[in-house]
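I start with the salt bridges, then turn to the helices.

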Amino acid sequence: MPDLSHGTADDVAAVNALRSSVMRLSRRLKHQRVDESLSPTEMSVLGTLSLCGSATPGELARKEHVQPPSMTRIVALLEAKGLVRLEPHPDDRRQKVVSQTERAEAMLEESRRKRNAWLATLAEGLDEDEWATLRAAAPVLEKLAHMTPLPRG
């Protein structure tokens with residue numbers, strides 16, 4: 001694994017290009033929204049519920065890397081919009097469990113469809129070798145998206 005503080009110029013350039021292109025692509029994808037009334041954070045919370053299933057506000061706060069009071073506000077906004085419901089926790093009466101509604105599921109599916117279509121349109125400009133590279137890189141990018149940095153030491 002390259003340590004970029006002592007990495008080759010090619011390693012440093014590759015990481016810099018990856019960071020820059022992922023950030024630019026992410027910004028462009030964020031503009032391909034179905035519901036402009038939802039913030040990127042609210043969409044992220046709905047996406048987390050879609051991937052991970054129901055969760056307490058505290059669990060959502062940890063997964064989304066926000067403070068619990070912030071998540072409480074986000075959940076309240078989503079509930080007011082009819083996108084999540086709060087139910088009693090099965091084991092702890094002091095807690096609630098947040099679940100997405102069918103309306104949220106439909107909205108997320110439409111958002112994914114729109115963003116996938118936008119990316120597919122962009123990808124029409126790739127040649128076959130670039131497509132092969134993209135297919136090979138996709139699992140690696142997915143892995144990077146979910147990795148936690150190793151401790152330095």
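I counted five salt bridges, taking a side-chain nitrogen of Lys or Arg within 4 Å of a carboxyl oxygen of Asp or Glu. The model is predicted: local features need pLDDT of at least 70, side-chain atom pairs count only at pLDDT 80 or more, and totals for chains, interfaces and linings use all residues. Numbering runs from 1 along each chain as its sequence is written, and side-chain values use heavy atoms, without hydrogens and water.

I looked up glutamate 42 and lysine 81. Their side chains form a salt bridge at 3.4 Å, N to O. Glutamate 42 sits in helix α2 and lysine 81 in the loop between α4 (68–80) and β1 (84–88), so the pair ties together parts 39 residues apart in sequence. Helices are DSSP runs (H or I, at least four residues) and strands too (E, at least two), numbered from the N terminus. Glutamate 42 is buried at 5% relative accessibility; lysine 81 is partly exposed at 26%. Cut-offs: buried is under 20% relative accessible area, exposed over 50%, partly exposed in between (1.4 Å probe, protein chains only).

Next, aspartate 92 and arginine 94. Their closest N and O atoms are 3.0 Å apart in a salt bridge. Aspartate 92 is buried at 16%, whereas arginine 94 is exposed at 76%.

Then I checked α2 (residues 40–52) against α5. They pack at about 105°, axes 10 Å apart; the axes are lines fitted to C-alpha atoms over the stretch in contact, and angles run from 0 to 180 degrees between N-to-C directions. Contact residues (heavy atoms within 4.5 Å) include Met43 in α2 and Met107 in α5.
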